[in-house]
Amino acid sequence: MATRPAGSHVSAWRPAVAGVAEVFHAHFVDHAYPRHIHQVWTLLIVDDGAVRFDLDRHRHGALRTSVTLLPPYVPHDGSSATPDGFRKRVLYLDTSALDAELVGRAVDEPDLADPQLRDRIHHLHQALAAPGDEFEAESRLALILDGLRRRLRQRPPVSGRPVGRGLAIRLRELLDARTVEGVTLGEAAELLHAHPTHLVRTFTHVLGVPPHSYLTGRRVELARRLLLAGQRPAEAAVAAGFFDQAHLTRHFRRYLGVSPARFPAGR
């Protein structure tokens, strides 16, 4: 793994295993994730230290003894709960890996105290790090996903949706479709037949982040995928909708604790 100042380490890669969008290993001492949204499931284990995070405005913690599952399209942040930082291993899983109906149940209880599941995830990371072990990784992933489905389905379904959810989802879909070229607030309001202020307030209430933060996060995620595919930072910046590499670097470092030039590290 490549190293960064202040004792931080980051390694990321895209494995040739269906369902896994990215593998991300990191050791952070003082990096704090801002509130953001992923379009994928985030399956996290902590190897050292502990992480505190807010998920959908509720405080949680990720410990060495547990498994943390964060659903797509739900805002969360993250920071170290100890002075020495934390070391984590993350699998970003395609939305197709788990049913959308399980999102609400994961929001209610993202922490899974399941030693066997954690051990299986640990061994999956080992398989993903070894080129040529893709079949083993696929087999291990299948067992893990089955275990997650069974755990989540044991929980009661979530009832009730925030008022204005339909409008917020339509704006989210518009931002997803216009991630690179962008859209003005006035144009979005006209397209969605809503007052600009109401649009911003509704989106923020439903999704937990304002529209501009969501769009920036989407662009960071796109740049991240382009970097993993081998593009240079300057190319990825423009392709993801940023003004230039410096613009990308400012936001990328804030979201991921590492510059685009050092990501992916160690692969």
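Mentor: Start with the term: a salt bridge is a side-chain nitrogen of Lys or Arg within 4 Å of a carboxyl oxygen of Asp or Glu. The model is predicted, so local features need pLDDT of at least 70, side-chain atom pairs count only at pLDDT 80 or more, and totals for chains, interfaces and linings use all residues. Residues are numbered from 1 along each chain as its sequence is written, and side-chain values use heavy atoms, with hydrogens and water left out.

By this rule there are 15 salt bridges. One of them joins the side chains of Asp99 and Arg153, at 2.5 Å from N to O. This pair links distant parts of the chain, 54 residues apart. Asp99 sits in the loop between strand 10 (86-93) and helix 1 (103-108). Arg153 belongs to helix 3 (residues 134-153). Helices (H or I, at least four residues) and strands (E, at least two) are DSSP runs, numbered from the N terminus.

Now check how open these side chains are. Buried means under 20% relative accessible area, exposed means over 50%, and partly exposed is in between (1.4 Å probe, protein chains only). Asp99 has a relative accessible area of 34%, so Asp99 is partly exposed. Arg153 is at 42%, so Arg153 also counts as partly exposed.

Stay with helix 3. Glu136 and Arg140 form a salt bridge there, with the closest N and O atoms 2.9 Å apart. Both lie in helix 3, 4 residues apart, which is about one turn of the helix. Glu136 is partly exposed at 34% relative accessibility. Arg140 is partly exposed too, at 29%.

Arg150 forms a salt bridge with Asp146, and their closest N and O atoms are 3.2 Å apart. Arg150 and Asp146 are 4 residues apart in helix 3, so about one helical turn separates them. Arg150 is at 47% relative accessibility, so Arg150 counts as partly exposed. Asp146 is at 37% and also counts as partly exposed.

Look back over helix 3. Arg153 pairs with Asp99 in a loop. Glu136 pairs with Arg140 within the helix. Arg150 pairs with Asp146, also within the helix.
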